[in-house]
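Please have the viewer open while you read.

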Amino acid sequence: MLSKRIIPCLDVREGRTTKGIKFKDNIDIGDPVDMARFYYEAGADEIVFYDITASHEKRDIMIDVVRKVAETIFIPFSVGGGIRTLDDMRDVLLAGAEKVSVNSAAVLNPKIIAEGARAFGNQCIVLGMDVKHVGKSGKIPSGYEIVINGGRKYMGIDALEWARQGRDLGAGEICLNSIDADGTQDGYELTLTELISTHVDIPVIASGGAGEPEHLYQVLSKGKADAALIASMTHYGAYTIEGIKSYLTEKGVKVRPTGSQH
Amino acid sequence: MIAIIDYDAGNLTSVARALSHIGVENIVTNNIRQIEAAERIVFPGVGAAGSAMESLKRLGLDNAIKDAFDRGKPILGICLGSQIILSYSEENQTSCLGLMDGNVRGFSAEFQKAEFQKSGVSGLKIPHMGWNQIRRRSDHAVLSGLRDTDEFYFVHSFFPYPEKKINIIAVTQYGIEFPSVIGMKNMVAMQFHPEKSGRPGLQILRNFCKWEP
């Protein structure tokens, strides 16, 4: 039986992680390669890197990080943030990432999904979606709207419609981020996650709102997500991957055992 | 020296990196002489069967692989490489290498079959993406030292289906039970990615590098 995946997300700015402030032991809290190794050994199933470097000129720094990560961990990892062109995708994939995630660039230019899927295979292309609850209307029948620029710009696109379109264009997976839940640590947006996951037949990673293991249980069971993204709940040391996974196992959710790396 | 066959089918550098990590000399190549000279061959690949076979033929690698197989050289197929060693793929209706009797089937068609619709689990996503276990049907040196609870990283919509049961070394459950490790003689192939499967995956690569079929 397929395991549900637990995926830590690392925000990287100009080659340094921006959230890892409370790591103990010998981990360089700002070094994404060190943090990737830590999570790999701790039993993470996959890792997501989100490049928040503002300047496009400094993208080479991220490519260097990707290359080093690929030499260090032997599980899949994806890179998102600032991916705008086929060349951006190629750089990241050749450096060793398993997948690339496109978000705003895909909303502004949906063709990029199809081009990426054709060039590198559907399994390489993750459609990142930032979504806000706006209430049902003629234009937004699901009640969830696509936003970009961190939620500041409403795009007038229905989230469910966009997810279906992304799948049809060739995305192999969806990373579904609720802007409403993001940063709250009050739990994932279950209604949204279930809606997308049950109506689109590619895997869905739930993102935004994780604060405790119970939240992962909810989104992986009731929310029907295939994977759950976590950030601060493990970055700051409040929980471990092992602790989360043993909790989920007790609750009857199938996850990969964390002892796998040793 | 291990030759990783380069036929424009996806990210081959990850296999190279994993082999280097376990201290095994390797080269990513489409050069027939280098393939002939290699002691072992890894045949990886992601993508579609149709374009993969086209590339192999264009580069003359189809014969190079058959040759290596006939000469008894250890061959490891990964993902798409575990599929196109069979005779035929339902994906793009493609004639494949035919090193092993059998065909390549798709989850989509399997899930639409009447018997599955009646009793199977609904809502299964395609591709089958993520970590899953394997259940061994027979022992194989390449799988030695693994635990029953070990999981491996899969990402695929099609799977190999050898004609002879004896060629199925391990199976995996995803709605249906499908062959996930297959092999015969000096060839072993897996649908999952050992190079992306953490410790047990690296163990498989180590085993392959020592395997004397």
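What follows is a short tour of this predicted model, from a sheet to a chain contact, a helix pair and a few backbone details.

## The sheet in chain B

Let's begin with the strands. In chain B, eight of them form an open sheet in the order S2-S1-S3-S4-S14-S13-S12-S9, and the pairing is mixed. The edges are S2 (26–29) and S9 (135–136) of chain B, each of which pairs on one side only. As a reminder, strands of a sheet pair through backbone hydrogen bonds, either parallel or antiparallel.

S4(B), residues 75–78, runs parallel to S14(B) and is joined to it by four bridges; here Leu76(B) stands opposite Val188(B). Leu76(B) is also the bridge partner of Val42(B), which belongs with the pairing of S3(B), residues 40–43, and S4(B): parallel, over three bridges.

On to S13(B), residues 176–184, which pairs with S14(B) in the antiparallel sense, again with four bridges. Ile182(B) sits opposite Ala189(B) in this pairing. The two strands make a hairpin with two residues between them, and Lys185(B) in the turn has a positive phi of about 50 degrees.

## Where the chains touch

The contact between the chains draws 32 residues from chain B and 28 residues from chain A. On the chain B side, at least two residues each come from helix H1 (13–21), strand S8 (128–133), strand S10 (151–156), strand S12 (168–174) and helix H8 (198–210) of chain B. That side of chain B divides into 11 nonpolar, 14 polar and seven charged residues.

## A helix pair in chain A

H8(A) brings Pro213(A), Leu216(A), Tyr217(A) and Leu220(A) to the contact, while H10(A) brings Gly243(A), Ile244(A), Tyr247(A) and Leu248(A). By type, these contact residues divide into seven nonpolar, one polar and no charged.

## A buried loop residue

Ala38(B) is worth a click. This residue is found in the loop between helix H2 (32–37) and S3 of chain B. Is Ala38(B) buried or exposed? Ala38(B) counts as buried because 21 C-beta neighbours lie inside 10 Å, and the cut-off for buried is 20 or more.

Leaving out residues up to four places away in sequence, Ala38(B) touches Met1(B), Ile2(B) and Ala3(B). From Ala38(B) to Ala68(B) is 30 residues in sequence and 9.4 Å in space, C-alpha to C-alpha.

## Backbone details to check

Most residues other than glycine have a negative phi, and most peptide bonds are trans. Against that background, Cys79(B) has a positive phi of about 55 degrees although it is not a glycine. Cys79(B) lies in the loop between S4 and helix H5 (80–83) of chain B and is buried, with 28 other C-beta atoms within 10 Å.

Glu14(A) also has a positive phi, near 50 degrees. Its place is the loop between strand S1 (5–13) and strand S2 (16–17) of chain A, and with 14 other C-beta atoms within 10 Å, Glu14(A) is partly exposed. Finally, the peptide bond from Ile126(B) to Pro127(B) is cis, with omega near 10 degrees; Pro127(B) lies in the loop between helix H7 (114–119) and S8 of chain B.

Conventions:
Residues are numbered from 1 along each chain as its sequence is written. Chains are lettered from A and ligands numbered from 1 in the order in which they are written. This is a predicted model: local features need pLDDT of at least 70, side-chain atom pairs count only at pLDDT 80 or more; totals for chains, interfaces and linings use all residues. Two strands pair if DSSP finds at least two bridges between them. Two residues are in contact if their C-beta atoms, placed from the backbone, lie within 7 Å. Ala, Val, Leu, Ile, Met, Phe, Trp, Tyr, Cys and Pro count as nonpolar, Asp, Glu, Lys and Arg as charged, and the others, Gly among them, as polar. A residue is buried if 20 or more other C-beta atoms lie within 10 Å of its own, exposed if 12 or fewer, and partly exposed in between; C-beta atoms are placed from the backbone.
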